[in-house]
Amino acid sequence: MRKIEEYKHLAKAAQPQHKQFLNFLKKKKPKDLDVVAQQAHNEVFEEIDCLNCANCCKTTGPLFTERDIDRISAKLKLKPHQFIAKYLHKDEENDWVLNTLPCPFLGMDNYCMIYDVRPKACAEFPHTDRRKLYQINHLTIKNTLICPAAYEIVERLKKHYNPIP
């Protein structure tokens, strides 16, 4: 498996092609896209182990919903306001985000200490198994720079649909 630095370099170099390809998918909307994307997602996650990477937890933070805050607070035996005071702040878009990175719940072994109650955004990351993937092109492009699996999934979709000579 490639190192995270290699993936970031490849993803940066591929940004124009990825944008063009994902725009192609948005315009064409292949009928089998959900099935093909899910298959690519499953195949890639058979090969890539998030515990060997955890780049998402080290370099980006999720948005926390009120439900996330309530669930995680209960797990940590904190009141929601205590959890917020200790770990979160509102960003410029008024969303709850982590005060610090890497994520304070990421262990030295890359295991998440709150995995069973992790934020919805973490559970769904890199969002490559969602239906109508073309609706989140901007997020997919961004995630290819963070997540080797997202990069590989876009590459597999490109090979499958091969729209660009």
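1. Helices (H or I, at least four residues) and strands (E, at least two) are DSSP runs, numbered from the N terminus. The model is predicted: local features need pLDDT of at least 70, side-chain atom pairs count only at pLDDT 80 or more, and totals for chains, interfaces and linings use all residues. Residues are numbered from 1 along each chain as its sequence is written, and side-chain values use heavy atoms, with hydrogens and water left out.

2. Positive phi, Asn110. Asn110 sits in the loop between strand 2 and helix 6. Its phi is near 70 degrees, a positive value in a residue other than glycine. Asn110 is buried, at a relative accessible area of 14% (buried means under 20%, exposed over 50%, partly exposed in between, with a 1.4 Å probe and protein chains only).

3. Positive phi, Lys77. Lys77 is not a glycine either, yet has a positive phi of about 55 degrees. The loop that holds Lys77 runs between helix 4 (66-75) and helix 5 (80-87). Lys77 is exposed, because its relative accessible area is 74%.

4. Cis peptide bonds. Pro102 belongs to the loop between strand 2 (96-98) and helix 6 (120-124). Another cis peptide bond joins Phe125 and Pro126, with omega about 5 degrees. Pro126 is found in the loop between helix 6 and helix 7.

5. Cysteines. Searching the whole structure gives zero disulfides, a disulfide being a pair of cysteine sulfur atoms within 2.5 Å. Cys56 is in no disulfide, and the nearest cysteine sulfur, that of Cys57, is 3.9 Å away. Cys56 is partly exposed, with a relative accessible area of 25%. For Cys122, the closest cysteine sulfur is in Cys57, at 6.2 Å, which is too far for a bond. Cys122 also counts as partly exposed, at 31% relative accessibility.

6. Packing of helix 1 and helix 7. The axes of helix 1 (residues 4-28) and helix 7 (residues 137-144) come within 10 Å and cross at roughly 155 degrees. Axes here are lines fitted to C-alpha atoms, for helices over the stretch in contact, and angles run from 0 to 180 degrees between N-to-C directions. The two helices are therefore roughly antiparallel to each other (angles under 35 degrees count as roughly parallel, over 145 as roughly antiparallel, 65 to 115 as roughly perpendicular and the rest as oblique). Helix 1 passes helix 7 in a right-handed crossing; a crossing is right-handed if the near helix is turned clockwise from the far one by less than a right angle, and left-handed if anticlockwise.

7. Residues at that contact. From helix 1, Ala11, Gln15, His18, Lys19, Leu22, Asn23 and Lys26 meet Asn137, Thr140, Ile141 and Thr144 of helix 7, where contact means heavy atoms within 4.5 Å. By class, the contact of helix 1 with helix 7 has three nonpolar, six polar and two charged residues. Ala, Val, Leu, Ile, Met, Phe, Trp, Tyr, Cys and Pro count as nonpolar, Asp, Glu, Lys and Arg as charged, and the others, Gly among them, as polar.

8. Asp32. Asp32 lies in the loop between helix 1 and helix 2 (33-47) and counts as partly exposed, at 33% relative accessibility. Leaving aside neighbours within four places in sequence, Asp32 is in contact with His160 and Tyr161.
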